[in-house]
Amino acid sequence: DGIRASVVESSQEAPFLQSDGTGGVFVAWFDYRSQSIPDLYAQHLLGDGARSPAWPEEGLLISSRTTLQLTIGITSDEAGGLILSRWVRVAENDSIEVQRLNGDGVAYPNWPAMVPGAGFGVLATPDGTGGAIVAWEQTFTSQIMAIRIQGDGQTPNGWPSEGLSASSGSFYDLASDGGNGAYLAFMRGNKTYIQHIAGDGTIVSGWSSMGRVIDPVAGDAQVPVLGPDGSGGVFVAWTLNIDGNTDRDVYLSRLTGAGDAADGWPSEGIPVCDLPGFQYRAAMTPDGQGGVLLAWQDARDHSENSYDIYAQNITDTGTIRSGWPTNGRSLCDARGDQLFPLMVPDESNGAIVSWIDVRDTTVQLRADRIGSDVVPALVPLTRVEVTSDQVSLWWYAPDGAGLVATVERRDVGEEWHQIGSP
């Protein structure tokens, strides 16, 4: 069922996640608890699911404005804190506002930074100096803009004050290249493109202003999501859309820093889940072992439970990691819809996943934690004893008295199935 990020009963929308670097996660969202125009709130959840003591249980109010603020970009400052970026409109003046907070939610000196501009889909990724590269789709022009703000809150020389025009199209995602630059994913028409920009404010040599296209054998690659591969390249998760009405599948590609398919990876990508029905809106994060963990909303059982959240673990060579079932494993199949998953690494080769949950009349934000070995990371095994007729398992959980757990088993090549509970 996940953990609630805020105890307040209100509509909480557009959540964004970022790892805190120690197994926990920062969550930011728009909250309608006080007015028709949403405020920006954030929360810090530790690795055991508990709230960080410095953060209020109702969430930390980041920004309360009497005017419009749209979209959130959130990333690590790689020093235990986070960087939030957003488009704000104050007295008819538009800006991209970039704020840096420490792990206790306190702003750093000389922040926030303000960049002239108005854009949708504002996102951020670390720049390697305690700052971030921030990108957005400029309103009315569809230009994809990017700006670099260093850890001291300043823009380095070489970057235009209003940002670099990296390409054009509908902007979808942003990821670090492991240095001072970044990859951007966007769509033009029904095609997905990737762009690579350097830390000095230029497009990387060998990449055109149009970007590199993701080109499946049949259909179109849509709704791209990016993840760094740890070697200067990038993973690209995308939705294969063939007919657009009855079937969509999740695929994964891997590109080098030069824009070519990585060794051993087909140029058309590999299927993550290609069951009948709609599988799309993928989220992705590194698994700490060179591969990636992915989550998506899945309608394979739409007639009974509407949309559920499923996950998969793919290695750096493009294979399913041992122990994970083909076409993924269910994370949440509660009544109603579970939508729009997001992921961050938990620093233990697993991930924290959040989603919008509409099982009840109030829209809620829920989260859970998974391990790359498919054992839920919040309930680790502490002892195993095997005899000729039974296997005895011991778990540890902070709230063991109220624990609800199940034991699942599978044979090689088979799906998991429940065999008992404590």
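**A cavity, a hairpin and some backbone exceptions**

Eleven residues, written here as 11, line the largest cavity of this predicted model, and Ile3, Leu46, Gly49, Ile352 and Arg369 are the ones nearest its centre. The volume of this cavity is about 90 Å³. Counting cavities of 30 Å³ or more gives one. By class, seven of the lining residues are nonpolar, two are polar and two are charged. Strand E27, residues 364–371, supplies the largest share of the lining, with three residues.

Strand E26 covers residues 350–357 and runs antiparallel to strand E25, residues 338–345, with six bridges joining the two. One of the pairings is between Gln338 and Asp357, its bridge partner in E26. Together E25 and E26 make a hairpin with four residues between them.

The turn of this hairpin holds Glu347, whose phi is positive, at about 70 degrees. Asn349 is also placed in the loop between E25 and E26. Its phi is about 70 degrees, a positive value although Asn349 is not a glycine. Most residues other than glycine have a negative phi, and most peptide bonds are trans. Asn349 has a relative accessible area of 31%, so it counts as partly exposed.

Another positive phi, of about 60 degrees, belongs to Glu78, which is not a glycine either. Glu78 sits in the loop that links strand E5 (69–76) with strand E6 (82–90). Is Glu78 buried or exposed? Its relative accessible area is 54%, and because exposed means over 50%, Glu78 is exposed.

The peptide bond between Trp111 and Pro112 is cis, with omega about 10 degrees. Pro112 belongs to the loop between strand E7 (93–101) and strand E8 (113–116).

Tyr251 gives a view of a residue within a strand, namely E19, which spans residues 247–255. With a relative accessible area of 15%, Tyr251 is buried, because the cut-off for buried is under 20%. Which residues does Tyr251 touch, not counting those up to four places away in sequence? They are Val236, Ala237, Trp238 and Leu240, together with Glu268, Gly269, Ile270, Pro271 and Val272. Tyr251 can also be placed relative to Asp274: the two are 23 residues apart in sequence, and their C-alpha atoms are 8.2 Å apart in space.

Methods. Residues are numbered from 1 along each chain as its sequence is written. This is a predicted model: local features need pLDDT of at least 70, side-chain atom pairs count only at pLDDT 80 or more; totals for chains, interfaces and linings use all residues. Side-chain values use heavy atoms; hydrogens and water are left out. On a 1 Å grid over the protein atoms alone, a cavity is a set of points where a 1.4 Å probe fits but cannot get out, and a pocket is an open set with protein on both sides within 12 Å along at least five of seven lines; lining residues have an atom within 4 Å of a point. Grid points are joined across faces, edges and corners, and a volume is the space filled by probe spheres set on the points. Ala, Val, Leu, Ile, Met, Phe, Trp, Tyr, Cys and Pro count as nonpolar, Asp, Glu, Lys and Arg as charged, and the others, Gly among them, as polar. Two strands pair if DSSP finds at least two bridges between them. Buried means under 20% relative accessible area, exposed over 50%, partly exposed in between (1.4 Å probe, protein chains only). Contact means heavy atoms within 4.5 Å.
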